[in-house]
Amino acid sequence: MKRIGVTGHRAIPAELTAFVREGLRALLGAHEGPLEALSCLAEGADQIFAEVALDCGADLTVVIPSGDYEQTFTDPGALDGYRRLRARAAQEVRMDHAHSTDEAYYAAGAFIADACDRLVAVWDGRPARGRGGTGDVVAYARSLGKPVTVIWREGVRRD
């Protein structure tokens, strides 16, 4: 079974959402054979990835960074998406962190990078804004020699 993980920004500019969805569908839909998708189901890239992966027939593994992770969702729609996708997961991995901290997010991202055969990064190429951000997870995956596919349109900036 091939394992593809995701890291990405929570805030995806509206003009980029369709581009990201199409890029993920092209990547995941082209895969033949059993596929496992790993995601923390954060708002934005993680949830879009999980939706597309499930649509493409992948088994979803949810990586939960901390015991209080669900309480970090401030947008009701993102929380509903998290709960809906989590209910569809084939399996769940819980990191050993009580609270959602930068260290918990980094641990979850590193777990995904360690476990996957390929990492997909919905990433603007800029440094992480805090430890455990997308740039950090990409750097870690690359240090392991993992292939990283970046999906982002040049010239688009996030807030």
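The radius of gyration used below is taken over C-alpha atoms, and the globule rule is 2.2 Å times the number of residues to the power 0.38. The model is predicted, so that local features need pLDDT of at least 70 and side-chain atom pairs count only at pLDDT 80 or more, while totals for chains, interfaces and linings use all residues. Residues are numbered from 1 along each chain as its sequence is written, and side-chain values use heavy atoms, with hydrogens and water left out.

**View 1. The whole protein chain.** The protein chain holds five helices and six strands; helices (H or I, at least four residues) and strands (E, at least two) are DSSP runs, numbered from the N terminus. Read from the N terminus on, the order of elements is β-α-β-α-β-α-β-α-β-α-β. For 159 residues a compact globule would have a radius of gyration near 15 Å, and the 14 Å of the protein chain agrees with this. The C-alpha trace spans about 40 × 35 × 35 Å along its principal axes. Of the 159 residues, 48% are buried, where buried means under 20% relative accessible area, exposed over 50%, and partly exposed in between (1.4 Å probe, protein chains only). Among contacts (heavy atoms within 4.5 Å) with a separation of 6 or more, 78% are between residues 24 or more positions apart. The protein chain exposes about 7,600 Å², of which carbon and sulfur atoms supply 47%; accessible areas come from the Shrake-Rupley method with a 1.4 Å probe, and for residues only the protein chains shown count as cover.

**View 2. Strand 3 and its two neighbours.** Strand 3 (residues 59–64) is largely enclosed by the rest of the structure, because five of its six residues are buried. Strand 2 (residues 35–39) runs parallel to strand 3 and is joined to it by four bridges; two strands pair if DSSP finds at least two bridges between them. In this pairing, glutamate 36 stands opposite aspartate 59. The chain passes from strand 2 through helix 2 (residues 45–55) to strand 3 in a right-handed β-α-β crossover. A crossover is right-handed if, with the strands pointing away from the viewer, the path from the first strand over the helix to the second runs clockwise. Strand 4 (residues 91–94) is also parallel to strand 3, with four bridges between them, and threonine 61 stands opposite glutamine 91 in strand 4. Strand 3, helix 3 (residues 76–87) and strand 4 form a right-handed β-α-β unit.

**View 3. Helix 2 and its cover.** Ten of the eleven residues of helix 2 are buried, and the helix is mostly covered. The buried residues include Ile48, Phe49, Val52 and Leu54, and also the acidic Asp46 and Glu51. Their cover includes strand 1, helix 1 (17–29), strand 2, strand 3, helix 3 and strand 5. Just after helix 2, glycine 57 takes a positive phi of about 90 degrees.

View 4. Leucine 41 lies in the loop between strand 2 and helix 2. Although leucine 41 is not a glycine, its phi is positive, at about 60 degrees. Its relative accessible area is 0%, so leucine 41 is buried. Leucine 79 belongs to helix 3 and is buried at a relative accessible area of 16%. Not counting residues up to four places away in sequence, leucine 79 touches Glu70 and Phe73.

**View 5. Arginine 3 in strand 1.** Arginine 3 sits in strand 1 (residues 2–8) and counts as partly exposed, at 25% relative accessibility. Its C-alpha atom is separated by 5.9 Å from that of alanine 37, which is 34 residues apart along the chain. Not counting residues up to four places away in sequence, arginine 3 touches Glu36, Leu38, Ala115, Cys116, Asp117 and Arg118. A polar atom of the arginine 3 side chain lies 3.2 Å from the backbone oxygen of alanine 115.

**View 6. Aspartate 124 and its partners.** Aspartate 124 is placed in the loop between strand 5 (118–122) and helix 5 (134–143). Its relative accessibility is 17%, so aspartate 124 counts as buried. Not counting residues up to four places away in sequence, aspartate 124 touches His9, Trp152 and Arg158.

How values were computed: A polar contact is a pair of N or O atoms within 3.5 Å; within protein, one must be able to donate a hydrogen and the other to accept it, and residues adjacent in sequence count only if both atoms are side-chain atoms.
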